[in-house]
Amino acid sequence: MGCSKWRAAFNFGHLKVQSKLSVFFTMIILFTYLFYCLNGYCDSLPRPVYDQRNNLQNKMTLNDGQSLEQLGAFNASPVSFVRELSHGDASSNNISIANNFGSKKFPQAIIIGVKKGGTRALLEFLRIHPDVRAVGAEPHFFDRFYDKGLEWYRNLMPRTLEGQITMEKTPSYFITKEAPRRVFSMSRHTKLIVVVRDPVTRAVSDYTQTLSKSPGLPSFQNLAFRNATTGLIDTSWSAVRIGIYAKHLENWLRYFPLSRFLFVSGERLVTDPAGEMGRVQDFLGLKRVVTDKHFYFNQTKGFPCLKKPEGSSRPRCLGKSKGRPHPQIPSEVLLRLRDFYRPFNFKFYQMTGHNFGWD
């Protein structure tokens, strides 16, 4: 009996030691895991999309305070969920897992022009599409920063998934002599979008923007004419030179066939944004997701705005720099300018096969 009691006591003591050792090792493992997580190593551990979905569901918000749940992202497939997370401005400060998915690619499509034609509106309308990922700011790579190299340029691009299009817009590319050759060197298959507008109205809009930054600017007519008496137009002034679309297009057609271009009407982008966006989506090979349900006309600004997303307090309109009232320009000045542009407009109509109705 004494021996049995001794064995029982020994077994009991052995079990207690084992239990303490188990707890001790468990605590070591937990503390080690905690240490690695605090130092950021846990973020690199692969986790299923559904785990990330559950963890981020109540944390992540998009621009305008719109939650992913409100967008319906959490009722979608894993790929759709990832696309929703990766959609938006590359410079966004919101929490995003886009850096863990997709890859950075050269843009398959570029909005190359023209200034004050409606390029910002077009880009913002396109960014509604889940299969479009675009740089928010203008990179100016092919006109100002080409010496930084193609890898620098690619690193500016947002990450994209299979089936998504990478895009950027820099309107000054259209009038930059070296830009066509440089874009061609990157990829001869790049799709090129040019937003054009009545060159007379465009010139006045260009002048209005410059005047807002430099109130002491000479009058429009003083800048537009070399000689007011003879009516000789000063083509060295950029506001006038940009509107000679045919001349700039000739430079691009030395490198790219006409089939690589889409010419978007800046006027139609205002009067029929859904119709013009349909053409753009077709050109890019995208499903027609952006439709008339996304737009309403803002009477105050004088152009269409995007309807407010569900859960957002306000609609998405372009900023104060868009839709500025134009200064009064003497009618005879505008008529002379219109006469100057007429032959260039007709040539542009012939080159593109499209009459924009500016004359």
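Visitor: What is the order of the strands in the open sheet of five strands?
Guide: In this predicted model, the order is S3-S5-S2-S6-S9, and the pairing is parallel.

Visitor: What makes S3 and S9 the edge strands?
Guide: Strand S3 (132-134) and strand S9 (261-265) each pair on one side only.

Visitor: Which strands does helix H11 touch?
Guide: Helix H11 (residues 245-253) packs on the sheet and touches S2, strand S6 (191-196) and S9. Its direction makes about 160° with that of S9.

Visitor: Why is the link between Lys169 and Glu138 called a salt bridge?
Guide: The cut-off is a side-chain nitrogen of Lys or Arg within 4 Å of a carboxyl oxygen of Asp or Glu. For Lys169 and Glu138, the closest N and O atoms are 2.7 Å apart, so the pair qualifies.

Visitor: What makes this pair a tie between separate parts?
Guide: Lys169 lies in strand S5, while Glu138 is in the loop between S3 and helix H6 (150-156), so the bridge joins parts that are 31 residues apart in sequence.

Visitor: Are Lys169 and Glu138 buried or partly exposed?
Guide: Buried means under 20% relative accessible area. Lys169 has 3%, so it is buried. Glu138 has 31%, which falls between 20% and 50%, so Glu138 counts as partly exposed.

Visitor: How many salt bridges are found in the whole structure?
Guide: The search finds 15. One of them joins the side chains of Glu124 and Arg127, at 3.2 Å from N to O.

Visitor: Why are Glu124 and Arg127 called buried?
Guide: Glu124 has a relative accessible area of 17%, and Arg127 is at 12%. Both values are under 20%, so both residues count as buried.

Visitor: What separates Arg342 and Asp339 along helix H14?
Guide: They are three residues apart in helix H14 (residues 331-352), and that is about one helical turn. Arg342 is partly exposed at 29%, and Asp339 is partly exposed at 47%.

Visitor: Which residues are linked in a network of salt bridges?
Guide: Arg268, Asp272, Glu276 and Arg279.

Visitor: How do you know that the span of helix H8 is close to what is expected?
Guide: Helix H8 (residues 199-213) has 15 residues and reaches 21 Å from its first C-alpha to its last. The expected span is also 21 Å, at 1.5 Å a residue. At the start of H8, a side-chain oxygen of Asp198 comes within 3.0 Å of the backbone nitrogen of Val200. The buried residues of H8, including Val204 and Tyr207, pack against helix H9 (220-224), helix H10 (238-241), H11 and H14.

Visitor: Why is Gln281 called buried?
Guide: Gln281, in helix H13 (residues 273-283), has a relative accessible area of 0%. That is under 20%, so Gln281 is buried. A polar atom of its side chain lies 2.8 Å from the backbone nitrogen of Val289. Beyond its neighbours within four places in sequence, the contacts of Gln281 include His129 and Leu286.

Visitor: What makes the meeting of Thr170 and Glu168 a polar contact?
Guide: The cut-off is a pair of N or O atoms within 3.5 Å, and these two side chains meet at 2.8 Å. Thr170 sits in the loop between S5 and helix H7 (179-186), and at 0% relative accessibility it counts as buried. Leaving aside neighbours within four places in sequence, Thr170 is in contact with Glu138 and His140, among others.

Visitor: How many helices and strands does the protein have?
Guide: There are 14 helices and eleven strands. Of the 359 residues, 41% count as buried.

Technical notes. Residues are numbered from 1 along each chain as its sequence is written. This is a predicted model: local features need pLDDT of at least 70, side-chain atom pairs count only at pLDDT 80 or more; totals for chains, interfaces and linings use all residues. Side-chain values use heavy atoms; hydrogens and water are left out. Two strands pair if DSSP finds at least two bridges between them. Helices (H or I, at least four residues) and strands (E, at least two) are DSSP runs, numbered from the N terminus. Contact means heavy atoms within 4.5 Å. Axes are lines fitted to C-alpha atoms, for helices over the stretch in contact, and angles run from 0 to 180 degrees between N-to-C directions. Buried means under 20% relative accessible area, exposed over 50%, partly exposed in between (1.4 Å probe, protein chains only). The expected span of a helix is 1.5 Å times one less than its number of residues. A polar contact is a pair of N or O atoms within 3.5 Å; within protein, one must be able to donate a hydrogen and the other to accept it, and residues adjacent in sequence count only if both atoms are side-chain atoms.
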